[in-house]
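Keep the picture in view as you read.

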Amino acid sequence: MTSAQLDKMRLELRRGVLVLAVLSSLKAPHYGYSLRKQLQDAGIDIDEGTLYPLVRRLADQGLLDSEWRQGEGRERRYYQLSDVGADLLVQLTQEWQQLNTALGPLLEH
């Protein structure tokens, strides 16, 4: 397998996980940079070109609420889970846990 093929497979694996990570991180309000920093501190490296479109898409789907706030001399858009987003997070977390439980034994063989 080439490096490019492996990178493509990693990207496919990460894609759905990033949605779950962002939703989970937005239980508390964050602006773009603080969200990216929290994810990086948790070991999930995500570039701005991936994060910002994802956050905007989730907001457009009604999963996130946003508001402009003044902070450190400038306005920033803060995002947080909406009620619909919180419900989806519960469902996706359950699905993740079920998949993880089923996949664990398969990976041990």
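**A charge above a ring**

The charged end of Arg-69 sits over the ring of Tyr-78, 4.6 Å from the ring's centre. Here, a charge sits over a ring if NZ of Lys or CZ of Arg is within 6 Å of the ring centre and within 35 degrees of the ring normal. Arg-76 does likewise with Tyr-31, lying over its face at 4.2 Å from the ring centre.

Before going on, a word on reading this: the model is predicted, so local features need pLDDT of at least 70 and side-chain atom pairs count only at pLDDT 80 or more, while totals for chains, interfaces and linings use all residues. Residues are numbered from 1 along each chain as its sequence is written, and side-chain values use heavy atoms, with hydrogens and water left out.

How many aromatic pairs does a search of the whole structure find? It finds one. Because the rings of Tyr-31 and Tyr-78 have centres 5.3 Å apart and planes at 70°, the pair is edge-to-face. Rings of Phe, Tyr and Trp (its six-membered ring) pair if their centres lie within 6.5 Å, with planes under 30 degrees apart counted as stacked, over 60 as edge-to-face and the rest as tilted. This pair links distant parts of the chain, since Tyr-31 is in strand S1 (residues 30-31) and Tyr-78 in strand S3, 47 residues apart. Helices (H or I, at least four residues) and strands (E, at least two) are DSSP runs, numbered from the N terminus. Both Tyr-31 and Tyr-78 are buried, where buried means under 20% relative accessible area, exposed over 50% and partly exposed in between (1.4 Å probe, protein chains only).

Now follow S3 to its neighbour. Strand S2 (residues 64-71) and strand S3 (residues 74-81) pair in the antiparallel sense over eight bridges; two strands pair if DSSP finds at least two bridges between them. Gly-71 stands opposite Arg-74 in S3. The hairpin has two residues between the strands, and Glu-72 there takes a positive phi near 50°.

Finally, visit the end of helix H4 (83-108): the segment after this helix holds His-109. Is His-109 buried or exposed? His-109 counts as exposed because its relative accessibility is 83%. Although His-109 and Thr-93 are 16 residues apart in sequence, they are 25 Å apart in space, C-alpha to C-alpha.
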